[in-house]
Amino acid sequence: MAAFSYICDSVAVITMSNPPVNALSSALIRAVQKAVEEAIGDFAVEAIVIRGDKGKFSAGADIREFNRLERGPPLVSLIDLIEDSKKPVVAAIEGVALGGGLELALGCHYRIAHAQAYVGLPEVLLGLVPAAGGALRLPRLIGISATLSMITTGKYVQAREALKLGIVDKVVGENTVDEAIQLAKKVIGQPLGSRQLSTLPVQCPPNVEAFLDEAMVKVKKQFRGAQSPLACVEVLRAAVQLPYLEGKKKERELFQFLYTTDQTRAQQYAFFAEREVAKWTLPSGASWKTASPQPIRTAAVIGLGTMGRSIVTSLAKAKIPVIALEQDKKQLDIGSKAVMSLLDREILKMEQLGHTEFTNSLGPVQFTLDYGKLRDVDIVIEAVFENMALKKEIFRHLSGICKPEAFLCTNTSGLDIDEMASVTNRPQMVIGTHFFSPAHIMKLLEVVHGHYTSSTTISTAMRLAKMLGKVGVLVGNCPSFVGNRLMRLYVEQAVFLVEEGSKPEEIDRALEDFGLAMGPFRMMDLAGLDIGWKARTEIGLTGPKLPIGTPARQRGSKRYSPLPDILCEKGRFGQKSGQGWYKYEKSGGRNAMPDPWLYNFLSEYQRIHNLKTHYVTQEEIIERCLYVLINEGFKVLEDGIASGPEDIDVIYNNGYGWPKYTGGPMYYASIVGLPVVLTKLEKYYGANPDIPDLKPSSFLKKLVSKGNPPLKEWRSHLGFQSSML
Ligand code: TC6
């Protein structure tokens with residue numbers, strides 16, 4: 001690791017080097033500081049260019065050093081040194097300039113970026129605020145409003161948008177460093193006052209205090225429960241109200257406060273967990289290191305329902321040419337219109353951000369009824385509705401048509417991958433790619449490994465996830481896989497609580513206050529109650545296949561709630577029918593309102609079934625709904641369906657609106673303390689012996705008996721397991 005300089009026609013070029021992303025570790029900061037000091041003191045040098053090695057400027061402070069006790073030299077003083085330099089300093093931004101990386105670039109007097117580069121202040125995503133002057137310099141450059149949007153969301157901004165906003169001075173298609181050297185030479189001797197951002201006034205809207213008050217209200221609502229977005233607004237207030245140096249103190253104070261919170265620790269854990277899950281290993285020894293993914297140059301999607309449409313859009317956004325197939329002309333017309341409208345919306349979004357070239361960079365989409373067109377594609381994703389017979393028919397058909405090297409994927413959300421693979425002539429090339437709705441937006445891809453799936457197929461599917469900008473998590477093949485397997489129990493528990501006397505809106509509020517993006521009842525209404533109803537009817541839990549004489553609230557020895565089935569029988573499917581657990585202003589409406597009809601209906605239901613209701617506290621709602629889910633998470637680990645708690649957390653953080661600032665369900669359990677989770681589960685199971693899912697899992701009990709080890713040690717306690725991976 002080094003930062004070294006060379007001189008090119010009186011311009012010193014300083015290269016930051018700390019692979020793979022030039023994170024600003026203590027050592028790197030020290031080295032850059034030394035190089036800048038040398039360049040400033042060297043008479044032969046008249047200007048300075050700072051660049052990053054291997055096509056990346058810098059991804060910011062080295063997150064791996066965050067928990068270390070020994071601290072290196074502060075980044076802030078390096079940035080001040082750069083800004084105060086009498087010799088012009090130019091940042092040559094290639095790849096990324098994020099967090100402290102962008103802050104360093106903002107300390108430079110000029111910034112040139114490569115067209116493919118992007119910049120951002122994503123500290124908020126790690127539960128922090130920018131703390132090296134970024135939130136003070138940026139509003140002086142691009143104004144309060146644009147800064148607010150960047151620092152509270154942590155979004156990455158592409159070079160062209162950065163140019164439009166004024167963050168960079170120039171965007172180039174190639175030779176970024178050479179261009180930076182040319183610019184540096186050109187500005188030698190020119191006054192630098194107007195380029196020293198800390199000395200400039202903050203650009204404010206007319207009534208800035210009211211603007212910030214409003215921003216605070218919005219941010220509180222948008223990022224419910226998260227501390228760092230609120231602190232970002234506070235830093236901006238400091239930027240507006242205080243002189244730069246005092247603003248700096250406030251920035252430091254807020255950073256130091258956040259630095260000690262559980263939220264930042266959880267978000268840092270979530271960051272590394274996302275990277276960890278990409279490094280899959282199978283019990284056979286095959287792994288991400290040894291398996292070689294095959295190229296995906298073309299894809300096909302079968303079925304243009306809600307999921308198929310957004311999968312096609314996701315592929316097109318990733319510039320992968322895609323063939324979309326439907327079974328009849330009518331469905332094809334409806335589906336193709338829907339896809340085109342999704343793509344138009346994506347193009348509009350990108351154009352608003354200044355990416356005029358985006359239209360041409362979408363992968364072409366071809367619509368067809370003809371299976372023959374799929375002959376040469378590299379990968380097929382089946383996305384028809386959840387019916388095993390239909391899926392098998394399609395896989396059989398694909399097997400005969402597609403080239404032997406083509407991978408066959410299914411978007412099933414819980415059916416048996418092996419059963420589908422068994423009808424093909426290439427079971428080793430069959431894999432589950434479970435997308436989350438809407439697939440062109442949601443970041444998660446559950447990659448489901450069947451019994452026959454080869455490591456090449458796994459690594460190709462994981463590569464596909466990366467190409468689509470998603471996080472791929474490898475899981476084993478079991479009913480509902482990982483995400484939905486846990487979710488089903490959580491939703492079921494919420495419905496039991498309604499039977500016991502709570503109201504849907506009370507349960508939703510408690511769980512939304514906990515931080516979940518949407519409570520279970522609003523979620524069911526959004527997804528459509530009829531979907532689960534159909535599935536339960538198909539497997540005989542309700543409807544005509546249910547054996548006569550089955551007790552209404554029992555299936556086998558387990559408690560069952562027929563409430564969702566009854567709502568469906570009454571035509572209450574959720575938002576789509578204007579009523580479900582809530583009522584809506586109209587069919588398709590989104591504004592959920594408590595429904596007095598439901599209260600009457602529930603009282604009558606409780607009377608008929610002779611149910612004793614009790615006052616359900618917020619604590620009971622959270623504990624029963626979340627701990628039953630966490631308990632199942634331990635069972636998933638025990639069954640070898642997920643290889644570690646990180647996998648479950650990444651799935652929940654990215655696919656189920658779990659608040660990242662609690663790290664994910666398993667990390668949350670580790671913070672609450674496993675003995676507490678165990679005791680509570682025992683208590684609730686004791687009170688509800690007909691809900692066996694509340695019975696603590698043996699792996700949870702084992703971990704408690706081992707003294708509640710930290711999460712990173714859980715895997716080592718799994719011992720022998722029949723891994724399904
Ligand atoms: C900050 O700057 C605060 C400043 C205040 C100062 C007072 N540090 O994501 P990838 C590693 S806060 C250490 O797989 P990609 C990552 O763990 C920081 N390591 O690659 C992985 O390691 P592994 C604000 C880092 O090409 C490897 O690099 N900055 C850091 O898909 C590759 O990463 C951010 O939040 C880091 N800062 O995406 C930026 N960044 O191979 C966070 C990455 O051992 N980083 N690594 O597993 C990113 O968004 C992405 O990593 C990326 C590259 C876009 C830079």
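1. The coordinates come from a predicted model. The distances, areas and angles quoted below should be read with that origin in mind.

2. Surroundings of the ligand. The ligand is surrounded by 24 residues, and the closest include Gly-100, Tyr-156 and Arg-275. Lys-279 and Lys-466 also belong to that closest group. By class, the shell consists of 14 nonpolar, seven charged and three polar residues.

3. Which part of Ile-63 faces a nitrogen atom of the ligand, backbone or side chain? A polar backbone atom of Ile-63 is placed 2.9 Å from that nitrogen. With Arg-64, by contrast, an N or O atom of the side chain is 3.1 Å from an oxygen atom of the ligand. Tyr-156 contributes a polar side-chain atom at 2.5 Å from a ligand oxygen. The ligand on its own would expose 1,000 Å², of which the protein buries 79%.

4. Helices at the ligand. Both α3 (100-107) and α11 (262-276) supply at least two residues of the shell around the ligand. The element that gives the most to this shell is α11, with three residues.

5. The second largest pocket. This pocket holds about 480 Å³ of space. Its lining comprises 19 residues, and those nearest the centre are Arg-265, Tyr-269, Tyr-667, Leu-711 and Lys-712. Two or more lining residues come from each of α11 and α26 (665-672). Here again α11 gives the most, with six residues of the lining. The lining divides into 10 nonpolar, five charged and four polar residues.

6. Lys-337. This lysine belongs to helix α13 (residues 329-352). Lys-337 is classed as exposed because its relative accessible area, 63%, is over 50%. Arg-309 is 28 residues away along the chain, and the C-alpha atoms of Arg-309 and Lys-337 are 9.6 Å apart.

7. Cis peptide bonds. The bond from Pro-19 to Pro-20 is cis, with omega near 5 degrees. Pro-20 sits in the loop that runs between β2 (11-17) and α1 (26-41). Ser-437 and Pro-438 are also joined by a cis peptide bond, for which omega is about -5 degrees. The loop between β15 (430-435) and β16 (444-449) contains Pro-438.

8. Positive phi angles. Lys-319 is not a glycine, yet its phi is positive, near 70 degrees. Lys-319 is located in the loop between α12 (306-317) and β11 (322-325), and its relative accessible area of 53% makes it exposed. Ser-480, likewise not a glycine, has a positive phi of about 70 degrees. The position of Ser-480 is in the loop between β17 (471-476) and α18 (483-499).

Note on methods: Residues are numbered from 1 along each chain as its sequence is written. This is a predicted model: local features need pLDDT of at least 70, side-chain atom pairs count only at pLDDT 80 or more; totals for chains, interfaces and linings use all residues. Side-chain values use heavy atoms; hydrogens and water are left out. A residue is near a molecule or strand if one of its heavy atoms lies within 4 Å of it. A polar contact is a pair of N or O atoms within 3.5 Å; within protein, one must be able to donate a hydrogen and the other to accept it, and residues adjacent in sequence count only if both atoms are side-chain atoms. Accessible areas come from the Shrake-Rupley method with a 1.4 Å probe; for residues, only the protein chains shown count as cover. Helices (H or I, at least four residues) and strands (E, at least two) are DSSP runs, numbered from the N terminus. Ala, Val, Leu, Ile, Met, Phe, Trp, Tyr, Cys and Pro count as nonpolar, Asp, Glu, Lys and Arg as charged, and the others, Gly among them, as polar. On a 1 Å grid over the protein atoms alone, a cavity is a set of points where a 1.4 Å probe fits but cannot get out, and a pocket is an open set with protein on both sides within 12 Å along at least five of seven lines; lining residues have an atom within 4 Å of a point. Grid points are joined across faces, edges and corners, and a volume is the space filled by probe spheres set on the points. Buried means under 20% relative accessible area, exposed over 50%, partly exposed in between (1.4 Å probe, protein chains only).
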